[in-house]
Amino acid sequence: QVQLVESGGGLVQAGGSLRLSCAASGRTFGRCAMGWFRQAPGKEREFVAGINWSGSSTYYADSVKGRFTISRDNVKNTVYLKMNSLRPEDTAVYYCAAQNTGYSGTYHYNDQYEYNYWGQGTQVTVSS
């Protein structure tokens with residue numbers, strides 16, 4: 001079992017930066033791949049970024065590539081999403097999710113239905 005709590009959301013002007021954090025509790029965090037998803041009002045939840053259990057592989061949606069960076073600290077049981085050059089279209093509720101891949105399983109990074117645990121979300125609002 002993994003519990004996830006996001007933080008770091010807020011209101012920022014276009015062009016600004018934010019860093020989201022997702023603190024995990026539970027003994028299996030180190031064997032989980034982690035992802036960030038977002039959901040804007042009236043839209044479906046979409047994949048933003050993912051990272052495998054060791055942090056050696058990262059994946060990004062085309063819309064955020066080059067602007068967002070996902071990272072993790074397996075000692076602190078935390079995953080981060082650094083967001084630079086924010087745009088109004090980045091406004092959404094951002095969710096952290098864990099996929100229990102184990103050390104050798106396939107990571108379905110952009111399939112939300114493959115994730116086993118979800119946080120409650122944190123609001124990010126980018127003003128123009």
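**Entry 1: the overall build**

Helices (H or I, at least four residues) and strands (E, at least two) are DSSP runs, numbered from the N terminus. With that settled, I counted them here and got 0 helices and 11 strands. I read along the sequence and noted the pattern β-β-β-β-β-β-β-β-β-β-β.

Some ground rules before I go on. This is a predicted model, where local features need pLDDT of at least 70 and side-chain atom pairs count only at pLDDT 80 or more, while totals for chains, interfaces and linings use all residues. Residues are numbered from 1 along each chain as its sequence is written, and side-chain values use heavy atoms, with hydrogens and water left out.

**Entry 2: size and packing**

The C-alpha trace spans about 45 × 25 × 25 Å along its principal axes.

Next I checked burial (buried means under 20% relative accessible area, exposed over 50%, partly exposed in between, with a 1.4 Å probe and protein chains only). Of the 128 residues, 45% count as buried.

Then contacts, meaning heavy atoms within 4.5 Å. Among contacts between residues at least 6 apart in sequence, 59% join residues at least 24 apart.

**Entry 3: the cysteines**

How many disulfides are there? A disulfide is a pair of cysteine sulfur atoms within 2.5 Å, and by that rule I get 1. The pair is Cys-22 and Cys-96, with sulfur atoms 2.1 Å apart. The torsion about their S-S bond is about -75 degrees, so I jotted down "left-handed" for this disulfide. Cys-22 sits in strand β3 (residues 18-25) and Cys-96 in strand β9 (residues 92-99), so the pair ties together parts that are 74 residues apart in sequence.

Buried or exposed, I wondered about Cys-22? Cys-22 has 0% relative accessibility, so I put it down as buried. Cys-96 is buried as well, with a relative accessible area of 0%.

I also checked Cys-32, which is in no disulfide. The nearest cysteine sulfur to Cys-32 is that of Cys-96, and it is 10 Å away. Cys-32 has a relative accessible area of 0%, so this cysteine is buried.

**Entry 4**

An open sheet of 4 strands turned up, in the order β1-β3-β8-β7, with antiparallel pairing. Which strands are at the edges? They are β1 (3-7) and β7 (68-73), and each pairs on one side only. The twist averages 15 degrees from one strand to the next.

I then went through the pairings. β1 and β3 run antiparallel and are joined by 5 bridges. Val-5 stands opposite Ala-23 in β3. β3 also pairs with strand β8 (residues 78-83), again in the antiparallel sense, over 6 bridges. Ala-23 turns up here too, standing opposite Thr-78 in β8. Ser-21 has Tyr-80 as its bridge partner in β8.

Two residues made my list for positive phi. Asn-77 has a phi of about 55 degrees although it is not a glycine. I found Asn-77 in the loop between β7 and β8. Ser-85, another residue other than glycine, has a positive phi near 50 degrees. Ser-85 is in the loop between β8 and β9. With a relative accessible area of 41%, Ser-85 is partly exposed.

**Entry 4: Thr-101**

Where does Thr-101 lie? I traced it to the loop between β9 and β10 (117-118). Thr-101 has 14% relative accessibility, so it counts as buried. Leaving aside neighbours within four places in sequence, Thr-101 is in contact with Arg-31, Cys-32, Ala-33, Thr-106 and Tyr-107.

Terms used. Two strands pair if DSSP finds at least two bridges between them. Axes are lines fitted to C-alpha atoms, for helices over the stretch in contact, and angles run from 0 to 180 degrees between N-to-C directions.
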